[in-house]
Amino acid sequence: MPSPPLVPDDGPINLDHLNRMTMGDASLEREVLAMFAAQASELIEKIVRMPPNVADLAHKLRGSAEAVGAFRITDAAEWLESALRDNSDSAEALMTLTDAVLEARAEIDGILKRS
């Protein structure tokens with residue numbers, strides 16, 4: 001039987017964190033999520049092209065994701081930044097980041113449709 005994860009996996013968006021960051025204001029939560037979804041989509045489109053400033057773009061996405069509780073994106077962006085800094089293979093980190101953004105976007109779309 002596998003062991004449980006050390007840190008609970010709350011899905012693509014940690015809603016408790018988001019609630020704390022928006023002080024329980026549901027309207028603000030929706031606004032922040034919509035802005036993050038748009039920014040994340042824009043950034044990942046640029047990141048996958050691997051431009052010279054890709055590390056800066058990943059760092060920007062990481063910070064935004066952390067603010068809304070998209071911790072899978074935070075971790076994946078940090079991994080990509082590290083791979084780029086170490087000049088190691090970044091393909092798996094990039095794929096993981098792309099998947100995390102897609103998951104978060106799907107979660108956000110569902111949240112916004114329900115409200």
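This is a predicted model: local features need pLDDT of at least 70, side-chain atom pairs count only at pLDDT 80 or more; totals for chains, interfaces and linings use all residues.
## Overall architecture

From the N terminus on, the elements of the protein run α-α-α-α-α.

Along its principal axes, the C-alpha trace spans about 40 × 40 × 20 Å. Buried residues account for 35% of the 115 residues. The accessible surface comes to about 7,100 Å², and carbon and sulfur atoms contribute 54% of that surface. Among contacts between residues at least 6 apart in sequence, 59% join residues at least 24 apart.

## Helix α3 and its buried face

Helix α3 covers residues 54-68, which is 15 residues. From its first C-alpha to its last, α3 reaches 21 Å, close to the 21 Å expected at 1.5 Å a residue. The buried residues in α3 are Val54, Leu57, Ala58, Leu61, Ser64, Ala65 and Val68. Seen down the axis of α3, these buried residues fall within an arc of 130°, so they line one face of the helix. An α-helix has 3.6 residues a turn, so residues three or four places apart point the same way.

The cover over the buried residues of α3 includes α1, α2, α4 and α5. Just after α3, glycine 69 takes a positive phi of about 90°.

Asparagine 14 lies in the segment before α1, the helix of residues 15-21. Asparagine 14 counts as buried because its relative accessibility is 13%, and the cut-off for buried is under 20%. The side chain of asparagine 14 reaches the backbone nitrogen of histidine 17 at 2.8 Å. Leaving aside neighbours within four places in sequence, asparagine 14 is in contact with Val68, Gly69 and Phe71. Of these, Val68 is one of the buried residues of α3, and Gly69 is the glycine found just after that helix.

Phenylalanine 71 belongs to helix α4, which comprises residues 71-85. With a relative accessible area of 31%, phenylalanine 71 is partly exposed. Not counting residues up to four places away in sequence, phenylalanine 71 touches Pro12, Asn14, His17 and Glu66. Phenylalanine 71 and glycine 11 are 60 residues apart in sequence, yet their C-alpha atoms are 8.7 Å apart in space.

## Positive phi in two loops

Most residues other than glycine have a negative phi. Against that background, methionine 23 has a positive phi of about 55° although it is not a glycine. Methionine 23 is placed in the loop between α1 and α2, the latter being residues 26-47. At 72% relative accessibility, methionine 23 counts as exposed.

Asparagine 87 likewise has a positive phi of about 55° and is not a glycine. Its place is in the loop between α4 and α5, where α5 is residues 91-114. Asparagine 87 counts as exposed, with a relative accessibility of 72%.

Key
Residues are numbered from 1 along each chain as its sequence is written. Side-chain values use heavy atoms; hydrogens and water are left out. Helices (H or I, at least four residues) and strands (E, at least two) are DSSP runs, numbered from the N terminus. Buried means under 20% relative accessible area, exposed over 50%, partly exposed in between (1.4 Å probe, protein chains only). Contact means heavy atoms within 4.5 Å. A polar contact is a pair of N or O atoms within 3.5 Å; within protein, one must be able to donate a hydrogen and the other to accept it, and residues adjacent in sequence count only if both atoms are side-chain atoms. The expected span of a helix is 1.5 Å times one less than its number of residues. The arc is that of the directions from the helix axis to the C-beta atoms. Accessible areas come from the Shrake-Rupley method with a 1.4 Å probe; for residues, only the protein chains shown count as cover.
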